[in-house]
Each structure stands twice: as C-alpha cells, then as structure tokens.
Amino acid sequence: MRPFAFSRADSIESAVQHYQAEPHSTFVAGGTTLLDLAKLDVMRPSRVIDINDLPLKEVERLEDDRLRIGALVTNANLARHPDVKQDYPLLAQAIMAGASTQVRNMATTGGNIMQRTRCPYFRDVAAACNKRAPGSGCDAIDGINRMHAVLGGSESCVAVHPSDMCVALAAIGATLTLQGPDGEREIDFADFHYLPGTTPHREHALGEGELIVAVTLDPPLRPLGTAYTKLRDRASYEFALASAGAMLSLDDGMIGEARLALGGVATRPWRCHEAESLLVGRRADEAAFKEAADTALAEAKPLSHNAFKITLARQAIVRALRDARERHS
Ligand code: SF4
C-alpha cells in the first residue's frame, strides 16, 4: 500500500476544508471499500480524512413521516432500528442479506451507497479498465463476464453495482443530503448513480469535496408486504448474481401500489417502473408476477458468460413478489 497523509475531521465543515486543502484526498468511515482498494493499488489517495467523529449517527422521524438516516449510521444499527423494521422492512432485509456480521458492524449508510464495483478487472491494475483508467479499454467485455451486468451496460463498461442496501433504497425512494464547498444540497437517490455510458469513471453525482451527510426515506407504504430475494453462488458473504426487492400494498388481493428494484444484474441500483405500472390494479397472482418479471427484463442484454442471469433475475422477481404478498399485513 502506498503511503498517505491522515487527518481526522471534527465537523462537516472541517472535513470539507481538509479535502479542499489537498487534491486526491478521500473520506473514510467504515473503510470496508477504501482499505481493500488502497491495498490493491486501485485507489491511491494522498490524504485520508477520517469522518467518524462527525455527528451523523442518528436516525430521526421527521414531521412528514419520512425517516432521516445519518450517513454514519452503521448497516447493522440501521437494519435493527425499530422504525426501519416496522415501516421499511425491505431495507432491513436487504442489509441483512449483504456482507457479514463484521462488515455490517463497520460499514456505514453513506459508504454503502459509495461502494465500488466488484468487477475483478477493476480490482486488477494489470487489466484494461475504463472505470479505473479512462480510455484503457474493458477486459470484461470479451473476458470472464459471468458476474457482470445485463441491464444498463455500455460498450465501455458492464460492471455491476454491488450493493444490496441500494436496491431497497431504489424501491423505497429516498433523498440524499450532500454537503460540500458550496454548502448543502439535496438530490433524488434515483439520480445519484450514473449509467456508465462512455464515462464509466464518473459513477455518481457527488462533486469534489462533497460528502453524503444523510439519507431521507420517502414516507412508508401502509399496509405493506415486502421481500428481498438474493440469488448467489453461496449462502452468505457473497454478492448477488441476481436480487429483487419487492414492496406490495394490497386490498382484498388486488395490488394498490407496487415497487420493484433489482440488484446484481445492472450497472446501478435498478428500479423497474414499467413492471410496477403493470402490477398496479392487477390481482396479486403468479400470472401478474411473471408478466412483471418479463417486463422488467425486456431490455436485458446478456454477455458471453451471463445469459443465465436473466433466468435467475426472473425467478428472483417472481419469488420476491410472491413472498411480499404472503407477508402482507
Ligand atoms: Fe472496468 Fe467496467 Fe470493464 Fe469492469 S466492466 S473492466 S469496471 S470498464
């Protein structure tokens, strides 16, 4: 690992000032992505700014019924928070499907949103990778691309966004609060992660020196049934080959509101708006669920080694919708 300078921020303002004082700085909280990538020489910060002392560890119910989550709330604490378990069970289910107990104890809400892809070529500095080294090419396109995306890819990059938590945020709907040199601003979670297009190194809407300070969830659906289905190579501590987060609001077996998002198959957390529209007003039965799955995957484009992901994703969607129906309160 290359040497870097280290400083500790005691306020959001000082964190931003530290960053501005030195180009190629980076913030660290749980460190579950940064330290791995620094050891692999993929990330080469000149300064690491520890933000763990910032007052961003609270979960707060707002007057309009939304839930504001500080960016430093750990994944473990978020998944077991009573308001999350009661009103946003999909978020708790998705978090608990990810990583390991140890990682969830360290990883933070903001860091989870900022995590980098697990593409093996991205993590190998000897490989061509447009995301890590713009213009160098993409060894995954004609390489071993079993784990890569079937939705949202481009000729420049087909790397999957790896987060489980972000699949739930995509389905629930959320607003991110960012703070940086120009003050505070808000952005819809749906607009935060970019498609790779021709610039896969530009992954998100965060500006230089900005950091995520809070995530505010949209008001909860009531009544609600939710399920997160994650299909993967082994039962724990593994990234998704395909996952689906489903939320259903039912009235006498009819779907009043539906939310559906996918993970493991797309270049960013993937909300399925057309499939949701198809479900609304339908009876919550297998035929509707299968049609929704077909609609959600209609644009899927397999690579040489991952056509099986489309089948897996279809099964994940149907199972998640079925389980959400069964769990409806
Ligand atoms: Fe890099 Fe994206 Fe290609 Fe992976 S898929 S090698 S991250 S450009």
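Predicted model: local features only at pLDDT ≥ 70, side-chain atom pairs only at ≥ 80, totals over all residues.
Q: What is the bridge partner of threonine 177 in β7?
A: Strand β7 (residues 183–188) pairs with β6 in the antiparallel sense over six bridges. A hairpin of two residues joins β6 to β7. Within this pairing, the partner of threonine 177 is glutamate 186.

Q: Why do the buried residues of helix α10 lie on the same side of the helix?
A: The buried residues of α10 (residues 286–296) are Ala288, Phe289, Ala292, Ala293 and Ala296. They lie on the same side because the arc they cover around the axis is only 135°.

Q: Is leucine 151 buried or exposed?
A: Leucine 151 sits in the loop between α7 (109–114) and α8 (165–172). Leaving aside residues up to four places away in sequence, it touches Leu262, Val265, Ala266, Thr267, Trp270, Ala296, Leu297, Glu299 and Ala300. Its relative accessible area is 3%, so leucine 151 is buried.

Q: Which strands stand at the edges of the open sheet?
A: The sheet has four strands in the order β9-β10-β11-β12, with antiparallel pairing. A strand with a single partner has one side left without a neighbour in the sheet, and this holds for β9 (225–231) and β12 (270–271).

Q: Which residue of β12 stands opposite leucine 262?
A: Strands β11 and β12 pair in the antiparallel sense over two bridges. Leucine 262 is also among the residues touched by leucine 151. The residue opposite leucine 262 in β12 is tryptophan 270.

Q: Is threonine 26 buried or exposed?
A: Threonine 26 is found in strand β2 (residues 25–28). Beyond four places in sequence, its contacts are Tyr19, Leu34, Met43, Pro45, Arg47, Val48 and Ile49. The cut-off for buried is under 20% relative accessible area. At 16%, threonine 26 counts as buried.

Q: Which residues make the nonpolar surface patch of about 310 Å²?
A: Phenylalanine 4 lies in the segment before β1 (5–8). At 32% relative accessibility, phenylalanine 4 counts as partly exposed. The patch is made by Met1, Phe4 and Phe6.

Q: How many residues apart in sequence are the parts tied together by glutamate 203 and lysine 131?
A: The side chains of glutamate 203 and lysine 131 meet in a salt bridge, with 3.1 Å from N to O. Glutamate 203 lies in the loop between β7 and β8 and lysine 131 in the loop between α7 and α8, so the parts tied together are 72 residues apart.

Q: Where does lysine 230 lie?
A: Aspartate 164 forms a salt bridge with lysine 230, and the closest N and O atoms are 2.8 Å apart. The pair links distant parts of the chain, 66 residues apart, with aspartate 164 in the loop between α7 and α8. Both aspartate 164 and lysine 230 are buried. Lysine 230 lies in strand β9.

Q: Is glutamate 276 buried or exposed?
A: Glutamate 276 forms a salt bridge with arginine 271, the closest N and O atoms being 2.6 Å apart. Arginine 271 is partly exposed, with a relative accessible area of 25%. At 6% relative accessibility, glutamate 276 counts as buried.

Key:
Residues numbered from 1 in each chain as written. Heavy atoms only, no water. Pairing = 2+ DSSP bridges. Buried < 20%, exposed > 50% of the residue type's maximum accessible area, 1.4 Å probe, protein only. Arc of directions from axis to C-beta. Patch = residues over 30% accessible without salt bridge, like charges linked within 9 Å, V, L, I, M, F, W, Y side chains within 5 Å. Areas by Shrake-Rupley, 256 points an atom, 1.4 Å probe, with all protein chains shown as cover. Salt bridge = Lys/Arg side-chain N within 4 Å of Asp/Glu carboxyl O. Contact = heavy atoms within 4.5 Å.
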